[in-house]
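The tour below moves from one selection to the next.

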Amino acid sequence: MVDDPKESVLLKEGLFTYPALPGEAPRLLGSRCSACQAYFFPKRYLCPHCHKDGTMEEIRLSNKGTLYTYCIVQVAPEGFTAPYVLGYVDLPEGPRVYALITGIEPSALRIGMELELVIEPIRQDPEGRNILGYKFCPI
Ligand SMILES: [Zn+2]
């Protein structure tokens, strides 16, 4: 049972800013290669493009992107409730992010539509705490 329903844990440290700074939208934390200018999400420690060492820096990626493609999941794994939507969201810096899509009826989804990052519960852990993760929803 949930002792404190407001208690939450992060899906993984270092994936996104949480809590966001006052007045600032949450952001995904990625990396950028200072040698070839490539951007990545999640963070990389060695650039897979140029393989140079010591060139990766952490950056806060855009909190908006466009829907590249999606699928509607009809059979959910344990801890999830079907149907739900998974998609790829293209960020302006280049990374294509695999994420849950929320806040919209699946029939209203359109390839290329603008989406915005939100931090929401994804499921609960065995102790009943909300596991917070990143999702995208229509702007
Ligand atoms: Zn590089």
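Select L28 and display its neighbours. Leaving aside residues up to four places away in sequence, L28 touches L15, F16, F41, I59, R60, L61, L91, V97, L117, Y134 and F136, where contact means heavy atoms within 4.5 Å. This is a predicted model, in which local features need pLDDT of at least 70 and side-chain atom pairs count only at pLDDT 80 or more, while totals for chains, interfaces and linings use all residues. Residues are numbered from 1 along each chain as its sequence is written, and side-chain values use heavy atoms, with hydrogens and water left out.

The largest nonpolar core has 21 residues, and L28, V97, I101, Y134 and F136 have the most contacts inside it. A nonpolar core is a set of buried Ala, Val, Leu, Ile, Met, Phe, Trp, Tyr and Cys residues joined through side-chain atoms within 4.5 Å; buried means under 20% relative accessible area, exposed over 50%, and partly exposed in between (1.4 Å probe, protein chains only). At least two residues of this core come from each of strand 6, strand 7, strand 8 (114–124) and strand 9. Domain 1 (1–14 + 63–139) and domain 2 (28–61) each give this core at least three residues; the domain bounds come from an automatic or database domain assignment.

Colour the two domains separately. The C-alpha centres of domain 1 and domain 2 are 24 Å apart. Nine residues from domain 1 and seven residues from domain 2 make up the contact.

Now move to the strands, which are DSSP runs (E, at least two residues) numbered from the N terminus. Strand 6 (residues 84–90) pairs with strand 7 (residues 96–101) in the antiparallel sense over six bridges; pairing requires that DSSP finds at least two bridges. D90 is opposite R96 in strand 7. Five residues separate the two strands of this hairpin, and G94 in the turn has a positive phi of about 130°. On to strand 9 (residues 130–138), which runs parallel to strand 7 and is joined to it by two bridges. There, F136 is the bridge partner of I101.

Finish at the zinc ion. Its protein donors are C33 (SG), C36 (SG), C47 (SG) and C50 (SG), 2.3 Å from the ion; donors are N, O and S atoms within 2.8 Å of the metal (3.2 Å for Na, K and Ca). The donor residues follow the spacing C-x2-C-x10-C-x2-C. Why is the arrangement tetrahedral? The four donor atoms subtend angles of 103 to 122° around the zinc ion, and four donors count as tetrahedral if all angles lie between 85 and 135 degrees. C47 is buried, at 0% relative accessibility, whereas C50 is partly exposed, at 24%.

Notes. Tetrahedral: all angles 85-135°; square planar, octahedral: opposite > 155°, others 65-115°. Helix = DSSP H or I, 4+ residues; strand = E, 2+ residues; numbered from the N terminus.
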